[in-house]
Amino acid sequence: MQTPTRRGFVAGLAAGAAGLAIGFRLDASAQQAAPVGPPMLRANPKLDSWVRLTPDGRIVVLTGRVELGQGVLTAMRQIAAEELDVAPARLELISGDTAETANEGVTAGSQSIKFGGEALAVACADARATLVNVAAETWGVERAALNVSDGVIEGIGGRRMTYAEAAARVSLVRPANLAAQRKPPHAGTIIGTSLPRTDIPAKVFGQQVFIHDMRPEGMLFGAIARPPSYAARLVALDMAWAEALPGVVKVVRDGSFIGVIARREEQANDAARRITAAAQWRDGAALFGGKGAFEYLTTEPALTRTIHSKAAPASTPARTHVAEYRRGFQAHASIGASCSLAKFEDGKLTVWSHTQGPFPLRGDLARGLRMEPEAIRVIHAQGSGCYGHNGADDVALDAALLARAMPGRTIRVHWTHEEEMVWEPWGSAMVVKLEAAMGADGGIASWGHDVWSFPHSTRPGDRVGCNLRSAWYLENPVAPSPIVDGALPNGASARNAVPIYDFPGQRVTTHFHTAMPVRTSALRTLGGYFNAVAAEMFIDECASLAGVDPVAYRIRHLADQRLVAVLRKAVEISGWQPKPVVMGRGNAQGARLVGTGVGMTKYKNSDSHVAVVARVSVDPATGVVRLEKMWAATEAGRAINPDGITNQIEGGMVQAASWTLLEEGRWDRGRMVSEDYTAYPIIDFERIPPIESVLIDRPDLPSLGVGEGSQGPTGAAIANAILDATGRRVAEIPFTPERVLAALRA
């Protein structure tokens, strides 16, 4: 590869400043070709922002991706170790620090390995090639004559040069070679193995891992006095009384934002509750204008767009099938509520956060606090796990506002569980309507998918506005960023609404509400879970109308052979018995109704291929659904850590089972009221069934995103198992006993 010129490098930086991926000018023909190198590496081309070698021989690997309990840092260690030819344990890993790592945006969307892992791999391959070149030039031999063993370059005649010795003769502080060649899969010894999770031992033995456990010297505790409703605004507060409450060091008021700093956590929380009760508030309008959420979605003005269409040949359908499905608001329901630490000193702010996006959070903090981003450092510290946009970013601004009011002291804000449930962004309620035109042979000739939804991502990260809740309550508020729906192919409200099946005619239409009576944002999969569940429920109903086994009906409409392979594998391990589902007739076995269902997706129409089979039993007297067993087959290209993939797939199945059978938020006039696990139950160990899953590894193919691949298929498999057991469609998630019983009695 031609070495980039200084002028070309400056030109690349200028392009990056304009919002484009940073690149390098090579020659006229290269400019016409497709971009070279992984997109994330093009956007962050400094080699030493990915890999560093220190004079004392340490090998430091950096990633902007963060550990959320999904095992991504173990996989990143494997990728780097493979390309560098060193033992994984020798690597030091730095993750998610705006002062150290590349800006990789948000760890979300099952994109870490697909994009971040590929970028890290190419950067490490570049570093290895550079160090081997040093030895080759020093010894006057060809590179091909050299081997690397655990960071030691070996040549003929017993010559040896450590990476540290080679690094002393060359600089890695330069742009990365975007065309560096990775090790071929067949030569790998680390990728594809189930390396034990590197983050688990410290957690098992109670070491300080989680942000909740951080206790720097001199730290004070903060809490926020929340309004009685989302729309309420502060009218008056007796500040002298508030500051005289037990343990209170300071009360911070800025508009309708009220924060308390105290010596102990329980003192801060108690003072915040008492201040909320004593303050005078002006209430706002009722949520949804007094309507139900589904009525609001389908009757209030919305931005309606047809975002995908394919015309079918003109024909007269033998029959048309139409169905509507609904999903209520669902929460992240994090067991460990959101927490952040902040320290303001010498005009600079340091924030410790379990955010999924340190750089996007830094940008919103800068706008909310009216500071320059360069004066803020965000350091990721692990939380107890959240897949999606919970309160982690919001609590960071809470801590920062309090720290700014008391320079030189670290302020810790840890939301209560009730605060987390009420004030975090919720997963949007949704309505999906499906319509199919079926031919005389029962096949589907055309397919229409309409989805009504609130936003699915209001994360920090836009260049205008501030998506941190407390910024909206300040005396001089910072408005949230403009609300938009994510575009295909990734999608947001319409994620996985484009059919995975080869229907001749297709149409996907979104009805998107930018007004959020209840604040909504990214719950794992965004709209993908419910779009997939609705579509897979609907295709089972079509198969039933055609009198065809649901698996055979799917294969009949599939062109993607990778999907066919996972479907066949899932039904094989489950012992699937082919038969049509008969609508209106239950499958009684003794005192219970028993059924088996299947669901499948290609997540985001581009990532992991997953098929799930579920077996359920239903008590016809109570409507209680019991999961008996679940099976899954997954194919996601080249597997970095097979055990990690299994954990993600099976964990997603458990989460989806909880969504599908149990989880739904309730609200009153002004706010969500499902604020504990009694009002908002989640699945427990007794209700988790045996799970069997298999992985189809494809080392010859690029690695695909896995983390959100199993939720949609699992929800669909459970829904279709209930259909098989009862002969009745239950149209609203979660499938509570009351709803199942109502369907049985309809």
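Biologist: What order do the strands take in the open sheet of 6 strands?
Modeller: In this predicted model, the order is E12-E20-E19-E18-E13-E26, with mixed pairing. Strands are DSSP runs of E with at least two residues, helices are runs of H or I with at least four, and both are numbered from the N terminus. Two strands pair if DSSP finds at least two bridges between them.

Biologist: Which are the edge strands?
Modeller: Strand E12 (303–310) and strand E26 (732–733), each of which pairs on one side only. E26 pairs with strand E13 (residues 319–327) in the parallel sense over 2 bridges, and Ile733 in E26 is the bridge partner of Arg327.

Biologist: On to the helices: at what angle do H17 and H18 cross?
Modeller: The axes, which are lines fitted to C-alpha atoms over the stretch in contact, with angles from 0 to 180 degrees between N-to-C directions, cross at roughly 50° and come within 8 Å for helix H17 (residues 642–661) and helix H18 (residues 711–726). H17 is therefore oblique to H18; angles under 35 degrees count as roughly parallel, over 145 as roughly antiparallel, 65 to 115 as roughly perpendicular and the rest as oblique.

Biologist: How many salt bridges does the structure hold?
Modeller: There are 48, each a side-chain nitrogen of Lys or Arg within 4 Å of a carboxyl oxygen of Asp or Glu. One joins Arg226 and Glu419 at 2.8 Å, N to O.

Biologist: What are the ground rules?
Modeller: Residues are numbered from 1 along each chain as its sequence is written, and side-chain values use heavy atoms, without hydrogens and water. Local features need pLDDT of at least 70 and side-chain atom pairs count only at pLDDT 80 or more, while totals for chains, interfaces and linings use all residues.
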